[in-house]
Amino acid sequence: MQNQEEIDRLKEVVQHLLDEARLQGATAAEAAFSVDNGLSVSARLGDVETVEYHCDQGVGVTVYFGKKKGSASTNDISAGSLKETVKAACSIARYASEDEFAGLPDPELLATEFPDLDLNHPWALNAEQAIEVAIECENAARGYSSEISNSEGASVNTHQGTRVFGNSSGFLQGYQSSRHSVSCSVLAGSGDSMQRDYWYSVARNPFDLESAAQVGEQAAQRTVARLGARTLGTRQCPVLFAPEMASGLIGALLGAISGGSLYRKSSFLLDSLGTQILPEFVRIHEQPLLPRALGSASYDAEGVATRARDIVGSGILQSYILSTYSARKLGMQTTGNAGGVHNLIVEPGDRDFAGMLKLLGTGLLVTELMGQGVNRVTGDYSRGAAGFWVENGAIQFPVQEITIAGNLKDMLRNIVAIGSDTDLRGNIRVGSILLERMAIAGE
Amino acid sequence: MPLEQVKQSILAGNGLQTQDIDRIMAALLSAPVDAADIYFQSSHFESWSLEGGIIKEGSHSIEHGAGVRAISGDKTGFAYSDRIELPILLEAANNVKAIVRQGQQAQRRIDTYRGAPCLYRPVNPLKSLDDRQKIELLMRVDRETRKLDSRIEEVMVSLIAAYDHVLIANQDGSLAADIRPLVRMNVTVIMVEKGRREQGSMGGGGRSDYGYFLEGDRALEYGREAVRQAQVNLQAQEAPAGNMTVVLGSGWPGILLHEAIGHGLEGDFNRKGTSAFSGRVGERVASDLCTVVDDGTLQGRRGSLNIDDEGTPTENTVLIEKGILKGYMQDKLNARLMGVVPTGNGRRESYAHLPMPRMTNTYMLPGQSDPEEIIASVKKGLYARNFGGGQVDITSGKFVFSASEAYLIENGKITRPVKGATLIGNGPDVLTKVSMVGNDMALDSGVGTCGKDGQSVPVGVGQPTLKIDGLTVGGTGV
């Protein structure tokens with residue numbers, strides 16, 4: 001369901017920006033206009049806490065004077081402001097350096113097919129109804145166990161937006177999309193032994209969301225499971241990343257094979273194209289055209305057509321993650337990843353979560369990671385962690401105040417198995433990941 | 001005077017008058033709310049970046065808008081618009097007051113104009129140099145930095161400036177304004193030796209204009225420091241793992257305070273009882289060597305504000321005095337619900353976000369010990385001199401922060417550099433293990449950004465050299 005009238009309204013503005021850029025002397029330009037409307041409500045302890053009405057818009061323009069580039073943006077779309085914005089971009093371009101790699105994508109790479117990806121499902125939900133959903137969610141959490149002692153509340157968010165992108169090669173496209181979520185965070189215990197955890201569900205279509213009660217119960221279950229957490233002695237042991245943590249591991253890999261890190265030589269995976277970076281059983285592929293998926297798009301942030309492809313096959317790196325600029329810097333061709341990946345899928349293995357726990361045997365299950373201790377240049381990895389100690393495939397007790405450390409290069413090569421328990425809530429779809437061994441620091 | 005200047009830019013610039021604020025406020029107050037405010041903002045921002053020896057990117061942005069908020073009890077209604085127009089803001093006011101079911105505030109016209117202290121000059125930093133001079137500055141930093149070491153492979157330099165006008169109308173009839181400049185520069189270098197690749201990074205800034213980077217040779221000093229860190233990292237060996245004595249350097253390592261105790265002392269978490277510090281005012285949470293403040297009133301600092309985003313003048317708030325928890329950081333909502341006064345900590349990322357209790361500049365006051373004496377007192381431990389970011393779980397109190405430059409201490413001497421590692425501890429008891437506090441209190445160089453509930457705000461931290469008897473170090477050397 002797409003409102004063509006709204007898309008056309010935005011297209012007019014984008015075309016105006018492109019025309020203005022040409023008038024002001026730019027040899028090429030690209031422009032985007034996005035509008036987002038939304039409602040967020042939160043409820044805490046059985047009553048509404050906040051109601052927020054969101055209404056955002058912004059335009060951005062990038063101009064080229066030959067090989068010199070400048071950008072500017074504003075949220076004021078009056079004619080005067082648009083003109084000033086283009087002027088600001090042109091002024092910057094005049095001072096920028098000549099960069100032989102700068103410029104629009106090659107026209108033949110621009111998307112020409114625009115399948116309906118079924119991304120727009122507005123939720124006809126007023127504030128009162130949203131509050132009801134949030135209260136139902138929080139009630140389910142608070143009613144789950146007598147050990148739930150407090151709450152940070154539940155929230156319901158619904159957003160719907162329109163985005164149009166165009167460039168001076170004649171590309172001018174737009175689409176609408178929606179995104180809805182329900183989340184809940186509750187506390188258990190008291191004083192020095194309080195614990196908190198959360199759960200959320202997110203989808204393009206509100207009917208694809210987990211029920212409010214499921215989200216609340218899952219939040220409560222996760223929180224109660226953390227009660228009585230203790231630290232571990234310093235040791236080395238196998239580590240199982242729960243699916244929602246495994247996506248961070250894959251995210252670090254993507255960062256290291258993205259064009260920006262590569263041409264800046266700030267990656268621990270330089271020159272690794274065609275080499276074995278993961279065990280043979282690992283396949284990672286991008287599927288940009290999945291209907292209704294959170295990362296779907298038929299063209300990237302530069303208008304380049306996206307396409308399904310393998311990034312890692314049989315553990316061998318098949319493709320970097322490139323934009324037009326980074327590709328030219330590396331002497332390659334863009335992979336349609338300006339702005340990031342679109343539905344990255346790590347092919348699941350055949351073990352479910354219980355099977356993965358069994359394979360872990362005795363070791364650490366990580367369900368939370370803290371801090372930014374990942375060095376993309378060296379691959380050195382050291383982060384705060386919480387989770388569970390597992391023996392013979394059975395959870396023994398919750399664990400906190402420990403760190404896990406290693407080097408990503410080794411960690412990736414030493415993946416033992418990937419679970420079938422894929423987390424579908426993000427742009428990276430991956431199940432739990434078992435690593436052979438990491439260093440655990442604790443008491 | 002900022003107020004007149006801001007009224008001119010935000011109200012007159014959009015065809016509004018003070019009486020129009022009265023009308024929007026009247027719409028908000030037609031329901032019996034406890035509190036209401038209208039926050040107008042106009043922001044100019046620019047960034048320049050250099051890499052590979054050329055000026056690669058530049059961008060410029062102008063944004064403005066207004067947020068309208070009504071509060072009743074602990075309930076908040078909020079709407080905003082990027083169009084500062086009377087009909088739109090009246091509609092927003094009518095939407096948000098629907099939250100109200102109780103309250104007692106009576107309506108008043110704007111009759112009070114709040115003056116504010118002047119912690120920074122109301123200058124537009126974007127215009128403090130012309131574009132050619134900005135580029136020359138970046139080029140000079142690149143050139144001079146590359147001369148420092150033949151192993152340098154890449155230098156990246158960024159320069160950003162923001163210039164904000166804010167105007168805050170409150171239901172008590174007050175109108176407050178602030179003009180907020182902010183600049184920042186960062187230098188990152190990548191060095192290679194025998195196939196090993198390491199980076200170093202340094203930056204700084206504050207509520208000032210670009211002239212700040214030209215004082216002394218501050219900009220070049222960032223380059224020198226980035227190179228020094230990369231050189232150290234090229235020598236670094238495996239970091240130790242386990243619980244050990246940790247000496248933290250002065251300045252930026254103060255993110256310990258920000259993560260370990262700062263967030264846990266924000267009023268919202270404590271009103272709701274979700275913080276590990278809830279209900280602990282008057283209790284010992286640190287050794288008696290520790291006095292920690294949150295001070296938004298420091299001249300020109302990145303975390304400083306003349307007034308917070310609710311119009312309350314910022315303060316120097318004592319959080320911990322000689323180890324005893326004294327109080328929390330408050331915005332108006334949480335202060336009212338807890339029966340205390342606001343401390344000038346109500347901050348928001350922009351007009352499109354709700355205010356929350358947030359830190360400004362959080363630091364520990366100096367102690368008596370000579371920093372060298374502190375190192376000399378450690379038989380075996382870690383000396384962590386520089387850090388990346390951190391994070392905290394305010395409920396369990398567990399926090400992390402990641403060292404980016406660290407050394408082993410053996411028999412009272414700093415021996416060799418070790419790789420960066422994450423340190424993890426428990427907020428409510430980490431400061432009870434502080435056994436020595438240096439006399440070398442320093443504030444950070446002005447690079448901190450704090451995230452909470454998806455909102456980012458600039459902050460500062462600081463501390464003297466500290467010795468902590470037992471913190472878990474997350475290295476690989478098991």
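This is a predicted model: local features need pLDDT of at least 70, side-chain atom pairs count only at pLDDT 80 or more; totals for chains, interfaces and linings use all residues.
Residues are numbered from 1 along each chain as its sequence is written, chains are lettered from A and ligands numbered from 1 in the order in which they are written, and side-chain values use heavy atoms, with hydrogens and water left out.

The interface brings 73 residues of chain B into contact with 71 residues of chain A, contact being defined as heavy atoms within 4.5 Å. The size of an interface is often given as the accessible area lost when the parts come together. For chain B and chain A the buried area is about 5700 Å², with 51% of it on carbon and sulfur atoms; this quantity is the accessible area (1.4 Å probe) that two parts lose on being put together, summed over both.

Eight salt bridges are found across the interface of chain B and chain A, the criterion being a side-chain nitrogen of Lys or Arg within 4 Å of a carboxyl oxygen of Asp or Glu. Asp393(B) and Arg196(A) form a salt bridge through their side chains, with an N to O distance of 3.3 Å. Polar contacts between chain B and chain A involve 36 residue pairs, both residues at pLDDT 80 or more. A polar contact is a pair of N or O atoms within 3.5 Å; within protein, one must be able to donate a hydrogen and the other to accept it, and residues adjacent in sequence count only if both atoms are side-chain atoms. On the side of chain B that touches chain A, strand S2 (residues 54–72) of chain B gives the most, with 11 residues. That side of chain B comprises 26 nonpolar, 27 polar and 20 charged residues (nonpolar: Ala, Val, Leu, Ile, Met, Phe, Trp, Tyr, Cys and Pro; charged: Asp, Glu, Lys and Arg; polar: the others, Gly among them).

Strand pairing also links the chains: strand S2 (residues 47–65) of chain A and strand S3 (residues 75–81) of chain B pair in the parallel sense over four bridges. Thr50(A) has Thr76(B) as its bridge partner in S3(B). Strands (E, at least two residues) and helices (H or I, at least four) are DSSP runs numbered from the N terminus, and two strands pair if DSSP finds at least two bridges between them.

An unreviewed UniProt entry lists "domain: Metalloprotease TldD/E central" at residues 121–227 of chain A. This span of chain A is 28% helix and 43% strand, with its end C-alpha atoms 39 Å apart.

Within chain B, an open sheet of six strands runs in the order S11-S10-S9-S14-S23-S20, with mixed pairing. Strands S11 (324–325) and S20 (442–443) of chain B stand at the edges with a single partner strand each, so one side of each is left without a neighbour in the sheet. Strands S9 (residues 292–295) and S10 (residues 316–321) of chain B pair in the antiparallel sense over four bridges.

In chain A, Glu244(A) lies in helix H5 (residues 243–256), and its side chain makes a polar contact of 3.0 Å with that of Arg222(A). Over all chains the count is 53 salt bridges.

How values were computed
UniProt positions are given in the numbering used here, feature names are shortened, and annotations may be inferred rather than shown by experiment.
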